[in-house]
Amino acid sequence: TRVTGYIRAHYAEPELSLASVADALGLSQSYVSRVCNRALGMTIPDYIHTCRIERAKALLTGTDMSVLDISAAVGYTTAWTMNRAFKRYEGVTPGVYRQSAAEKAKEAAG
């Protein structure tokens, strides 16, 4: 949908929200919320977090960027905020995720 496409393109903007998405697309907040809930089964804030966390996971495993730099790159205003969201959605902190991914890669390489 236009809504999810817009969010995927703008997830790194810290001010991204239901209101900003609706304003940018010229739609009402209630309409945007309904479309997202129907299409994805989640709220706009959850979808924004999901997009940010997916990108953070790629950066954690594919770069040596610090968690602070990654948090800024994916749209979180502080590393603490990203840590909290990451733990909520992934069950572990970004540091633990990175370490676990590195260990799995090492095992796979043999």
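Does Lys57 count as buried or exposed, and at what relative accessibility? Keep that one in mind while we look around.

**Before you click**

What you have open is a predicted model, where local features need pLDDT of at least 70 and side-chain atom pairs count only at pLDDT 80 or more, while totals for chains, interfaces and linings use all residues. Residues are numbered from 1 along each chain as its sequence is written, and side-chain values use heavy atoms, with hydrogens and water left out.

**Stop 1: the whole chain**

Switch to a cartoon view. Along its principal axes, the C-alpha trace spans about 50 × 25 × 20 Å.

Now try a surface. The protein chain exposes about 6,300 Å², with carbon and sulfur atoms supplying 54% of it; such areas come from the Shrake-Rupley method with a 1.4 Å probe, and for residues only the protein chains shown count as cover. Of the 110 residues, 29% count as buried. Buried means under 20% relative accessible area, exposed over 50%, and partly exposed in between (1.4 Å probe, protein chains only).

**Stop 2: Lys57**

Select Lys57 in helix 4, which covers residues 44-62. Here is your answer: Lys57 counts as buried because its relative accessibility is 15%. Leave out residues up to four places away in sequence, and Lys57 touches Phe86, Glu90 and Tyr97. Contact here means heavy atoms within 4.5 Å.

**Stop 3: two rings**

Two of those partners deserve a click of their own. A pair of aromatic rings is described by the distance of the centres and the angle of the planes. Phe86 and Tyr97 form an edge-to-face pair, 5.4 Å centre to centre with 70° between the planes. The rule is that rings of Phe, Tyr and Trp (its six-membered ring) pair if their centres lie within 6.5 Å; planes under 30 degrees apart count as stacked, over 60 as edge-to-face and the rest as tilted. The structure holds one such aromatic pair.

Colour by helix: Phe86 lies in helix 6 (residues 79-90) and Tyr97 in helix 7 (residues 94-109), so the pair ties together parts that are eleven residues apart in sequence. Phe86 counts as buried, at 0% relative accessibility, whereas Tyr97 counts as partly exposed, at 22%.

**Stop 4**

Go back to helix 4 and pick Thr50. Thr50 counts as partly exposed, at 24% relative accessibility. Not counting residues up to four places away in sequence, Thr50 touches Met42 and Tyr89. Try the distance tool from Thr50 to Arg8: they are 42 residues apart in sequence and 9.8 Å apart in space, C-alpha to C-alpha.

Next, show Arg52 and Tyr76. The charged end of Arg52 sits over the ring of Tyr76, 5.2 Å from its centre (NZ of Lys or CZ of Arg has to be within 6 Å of the ring centre and within 35 degrees of the ring normal).

**Stop 5: Thr4**

Which residues does Thr4 contact, leaving aside its neighbours within four places in sequence? Select Thr4 in helix 1 (residues 2-10) and you'll find Leu40 and Tyr47. Thr4 is buried, with a relative accessible area of 6%.

**Last stop: Trp80**

Finish in helix 6 with Trp80. Trp80 counts as exposed, at 56% relative accessibility. Trp80 and Leu68 are twelve residues apart in sequence and 8.6 Å apart in space, C-alpha to C-alpha.

Methods. Helices (H or I, at least four residues) and strands (E, at least two) are DSSP runs, numbered from the N terminus.
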